[in-house]
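I opened my notebook to record what I looked up. The entries follow.

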Amino acid sequence: MVKPDYIFESSWEVCNKVGGIYTVLSSKARTLKNEFKDRLLFVGPDLDNNPNDFKEDHSLFCDWKNALPENLKVKTGHWKIPGEPLVILVSYKTFSDKRDSLYYEMWNTFRVNSVHAYGDYDESCIFAYSVGMVIESFYNFYELANKRVVALFNEWMLGMGALYIQKQAPAIATLFTTHATTVGRSIAGNNKPLYSHIEAYNGDQMAKELNVEAKHSLEKQTAAFVDCFTTVSDITASECRQLLDKSPDVVTPNGFDKDFVPCGDHYIKKRDEARKKLKLVVEKLTGRPVHKDAFLVATGGRYEYRNKGIDVFIDVMNALRKSNGIKKEMVAFIMVPAWVHAARADLKYIIENDYNTTAPMQTPFLTHWLNNMKDDPVMNFIFSSGFTNTATEKLRIVFVPCYLDGQDQIFNKSYYDLLIGMDATVFASYYEPWGYTPLESLAFGIPTVTTDLAGFGSWVKTVVSGSRTEEGVAVIKRTDDNYFEVVHRIAETLSEWMDTDTDAMRNRCFATAQHAEWRKFIEYYYAAFDTAFANAEKRNVYI
């Protein structure tokens, strides 16, 4: 396979932790950096204030930066993740006045229809345009014409960057990865049956019905024109064939870097610290102790109530608390960022002053106050299900609605630093192109439940059966019509895991996660690069 001399990879989530793509890029970076050294460059947005994980280095590429046009402003430095790859952050808002001419050019050349654009479309496309300009400028300034160069663009938001490069720097091989199709996510998010009706859906028609025409058009045309179109799972590949009229050239599943996981005595210490903090918050919130051997279970991810299976998780906990399935004290955590107003001042005060509480606090399910709490789906379902978190309950449920970055003022720990303290996780996804959360859980030695509608769930069944308790991962069959069966199966699985040897289970989790490390999955990217070079060469014959 032909490997690149230079790789540019761009996303909104470079040094900007807002979703799963951040994990894709940050965990993949070290593996690529080991191979390509400083010929790997990530390009992300300059959001005016340097993020905590960006270390600026003014000395990098000084000659190029001094030659840039006045309206193209960048910062250079390193991403403070394993491998510390080079990063270029671009200030894109100066190009806002180029919007109409950009849209005209994209329509005229690639038939991208931006007429019905709204919301984040404009900002995303202007950012993508600026990324294209940065890559083109760097390529020309350092005279890379005799080098093999690839530029990889993530999600529809960067689509115009890929198309810009294809037109303005055609020698660069372009790759475009969709992590979820716009129409597929919208169908699922609007409570329409995606899987039982997939063959009947027309992507263009559904985009119009669901009011996502511009995003769909950009995604579809980018997939059609780039040198290599990829997606993250076989499930999403089928979705692309139906809704984008384009099969991916290569499926590039998402791996994980084991160096994110502590080991040995450090692992034990981090797990003990996590459990101590989790129990402390629950004890202060509910006014009673948590048993040292309590079974701690969590779900997390983006706040997509149905797509991520948050509704299923609450129903599972409700079923367990009403049954004889709980063999020990249990605490369930919903770690999903919502519209947070502020950390609870009363809870913060009680924790900081180690105040002993003997009764539940007001709203003893919630660690941070929410804006518009009366319309929050999670809180409404918790209330309507009859949870109380009082002394009579053997199962307590707690909603942690903040982004766990270590600065939330209640836990002050990152998601990973709390995940390591769990006994199990549940990610009962309905729509999940890949599913990093269950893979992360396994990587941290925590047994997990997922579904076969998640790309990871489907993939992991090539490694384990997904049906045996001791394997550490349970894959539940989910369809458009078996919601309550899914709830029952997950409740049974958790009940069985309460009796399972923790150390043996942890080792099995580690072993399964090793099959999905980037050192193995990176080969799919090399295949994608090779495909991109081959198709770029064919395309450039006609230039």
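**Lysine 28 and its surroundings**

I listed what lysine 28 touches, leaving out residues up to four places away in sequence: Glu9, Thr23, Leu152, Trp518, Ile522 and Tyr525. Contact means heavy atoms within 4.5 Å. The model is predicted, so I noted that local features need pLDDT of at least 70, side-chain atom pairs count only at pLDDT 80 or more, and totals for chains, interfaces and linings use all residues. Residues are numbered from 1 along each chain as its sequence is written, and side-chain values use heavy atoms, without hydrogens and water.

I then asked: is lysine 28 buried or exposed? Lysine 28 counts as buried because its relative accessibility is 0%. Buried means under 20% relative accessible area, exposed over 50%, and partly exposed in between (1.4 Å probe, protein chains only).

**Helix 1 and helix 19**

Lysine 28 lies in helix 1. Helices are DSSP runs of H or I, at least four residues, numbered from the N terminus. I looked up how helix 1 (residues 20-36) sits against helix 19 (residues 518-540): their axes come within 10 Å and cross at roughly 80 degrees. Helix 1 is therefore roughly perpendicular to helix 19. That term covers 65 to 115 degrees. Axes are lines fitted to C-alpha atoms over the stretch in contact, and angles run from 0 to 180 degrees between N-to-C directions.

I noted the residues that meet. Helix 1 brings Val24, Ser27, Lys28, Thr31, Leu32, Glu35 and Phe36. Helix 19 brings Trp518, Arg519, Ile522, Tyr525 and Tyr526.

Conventions
Helix = DSSP H or I, 4+ residues; strand = E, 2+ residues; numbered from the N terminus. Parallel < 35°, antiparallel > 145°, perpendicular 65-115°, else oblique.
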